[in-house]
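Colleague: I would like to learn how to read the helices in a model. Please take me through a case.

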Amino acid sequence: MSLSTPPGDASSTPKKLEGHYYVDDGELILKRDNQQFVVSADPAYKDQVTAWLARMAEGNADLSDLDPDLARQLSVVFEEHGFLADASDCQGLSGRDALLDLEDYTNELLYRTLYRNVFWKKIQSAPAEHISNNVIYGFVIENYHFLYRESWFDSPALCYAPSKQVQLLMNEFYGEEYGHDELLLKSLNSIGISRAEIQDTIPLRETLALCNSLAYWASYDPLFFFTTLGVLEGKDVSEDSFLAACDRLGLPASFVQPLRTHSDINLKGGHGCLSREIFKHVPFISSGDLQRMKCQTALFVQLYDAFYAAVWNHYSSVRSLLRRVSEV
Ligand SMILES: [Fe+2]
Ligand SMILES: [Fe+2]
């Protein structure tokens with residue numbers, strides 16, 4: 001993209017920036033969907049253009065803020081490439097309101113699927129004699145595999161360009177999450193599974209599907225990825241029903257305590273509220289973006305539901321807990 005395009009008519013209609021921008025090695029980059037453009041502005045105007053973009057991204061500036069000639073050029077070039085939309089025509093919500101809307105939709109899906117899932121139904125209410133220890137151990141094994149791969153999906157979202165506050169929240173979260181797989185490994189060690197043995201195993205395909213999907217969203221749609229954190233970190237969970245089941249089964253403290261420590265870190269760190277904290281710093285979400293996120297929410301809940309069902313279906317019937325790579 002170049003600002004040397006012939007001037008056109010500057011619009012007096014308030015505009016909103018579509019996509020986002022960042023500065024990389026002195027270059028001004030615009031990004032929308034999976035496309036990015038370098039803005040090769042005249043050096044004399046570069047600071048003015050950058051400051052204008054910053055205000056547009058916050059939704060509080062329009063082209064009338066600029067020198068008229070520069071405004072005309074920006075109007076033509078940015079609109080031609082789909083980076084500007086008329087604010088007056090743009091339907092949407094604040095980040096916080098959009099997230100609340102999405103949470104309602106997510107809860108509806110969770111109540112229809114995950115909360116009726118065989119794993120959670122049994123864990124929450126089945127008598128101890130109807131739950132095999134292997135299901136409990138299997139859940140910790142799969143959760144270990146998930147947490148071992150957590151950096152796949154947390155790290156790509158650390159550098160969320162449009163907001164410094166979101167970067168700070170994600171960095172703090174990353175620091176608090178780091179090493180949680182080691183807590184689960186302590187539980188597994190207590191039942192005789194060593195680090196070398198777990199490293200010789202493969203996760204269930206449903207566990208990997210969840211990890212891979214989250215890694216994809218964190219890289220290509222971080223805004224949507226942020227919405228999944230509230231669900232993954234248990235926004236609505238005040239009592240950990242899995243730990244309650246461990247107590248019902250009378251599992252030893254050496255197995256349960258590391259799991260309780262992990263659960264307490266989530267509760268005390270307020271990880272379940274992270275999505276809401278992040279979306280306080282997202283000024284605007286268009287109705288198109290919200291619609292896209294709803295479609296992805298349906299897929300995410302389906303994957304999450306499949307993950308728990310697979311834990312029950314696989315581990316309630318197997319004799320050997322470990323799916324060893326060396327034996328395949
Ligand atoms: Fe964790
Ligand atoms: Fe957490």
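This is a predicted model: local features need pLDDT of at least 70, side-chain atom pairs count only at pLDDT 80 or more; totals for chains, interfaces and linings use all residues.

Colleague: How many helices and strands are in the protein chain?

Modeller: Helices (H or I, at least four residues) and strands (E, at least two) are DSSP runs, numbered from the N terminus. Here the protein chain has 15 helices and seven strands.

Colleague: What share of the residues of the protein chain counts as buried?

Modeller: A residue is buried if 20 or more other C-beta atoms lie within 10 Å of its own, exposed if 12 or fewer, and partly exposed in between, with C-beta atoms placed from the backbone. Of the 328 residues of the protein chain, 30% are buried.

Colleague: Which residues of α10 are buried, and what do they pack against?

Modeller: An α-helix has 3.6 residues a turn, so residues three or four places apart point the same way. The buried residues in α10 are Glu-206, Thr-207, Leu-210, Cys-211, Leu-214, Ala-215, Trp-217 and Ala-218. They pack against α5 (133–148), α6 (150–154), α11 (222–232) and α15 (287–315).

Colleague: How are two packed helices described?

Modeller: By the angle between their axes and the distance between the axes. Axes are lines fitted to C-alpha atoms, for helices over the stretch in contact, and angles run from 0 to 180 degrees between N-to-C directions. Angles under 35 degrees count as roughly parallel, over 145 as roughly antiparallel, 65 to 115 as roughly perpendicular and the rest as oblique.
For α10 and α11 the angle is about 130 degrees and the axes are 6 Å apart. The two helices α10 and α11 are therefore oblique to each other.

Colleague: Which residues of α10 and α11 meet?

Modeller: Two residues are in contact if their C-beta atoms, placed from the backbone, lie within 7 Å. Leu-214, Trp-217 and Ala-218 in α10 meet Pro-222, Phe-224, Phe-225 and Thr-228 in α11.

Colleague: How do α8 and α13 pack?

Modeller: Helix α8 (residues 180–190) and helix α13 (residues 253–268) have axes 7 Å apart, at an angle of about 165 degrees. That makes α8 roughly antiparallel to α13.

Colleague: At what angle do α11 and α15 pack?

Modeller: Their angle is about 40 degrees, with the axes 11 Å apart. Helices α11 and α15 are therefore oblique to each other. Phe-224, Thr-227, Thr-228 and Val-231 in α11 meet Met-293, Gln-296, Thr-297, Phe-300 and Tyr-304 in α15.

Colleague: Where is Glu-58?

Modeller: Glu-58 is in the loop between α1 (43–57) and α2 (68–80). With 13 C-beta neighbours inside 10 Å, Glu-58 is partly exposed. The C-alpha atoms of Glu-58 and Ser-163 are 9.8 Å apart, although 105 residues separate the two along the chain.

Colleague: Which helix holds Asn-133?

Modeller: Asn-133 lies in helix α5. Asn-133 has 16 other C-beta atoms within 10 Å and is therefore partly exposed.

Key:
Residues are numbered from 1 along each chain as its sequence is written. Chains are lettered from A and ligands numbered from 1 in the order in which they are written.
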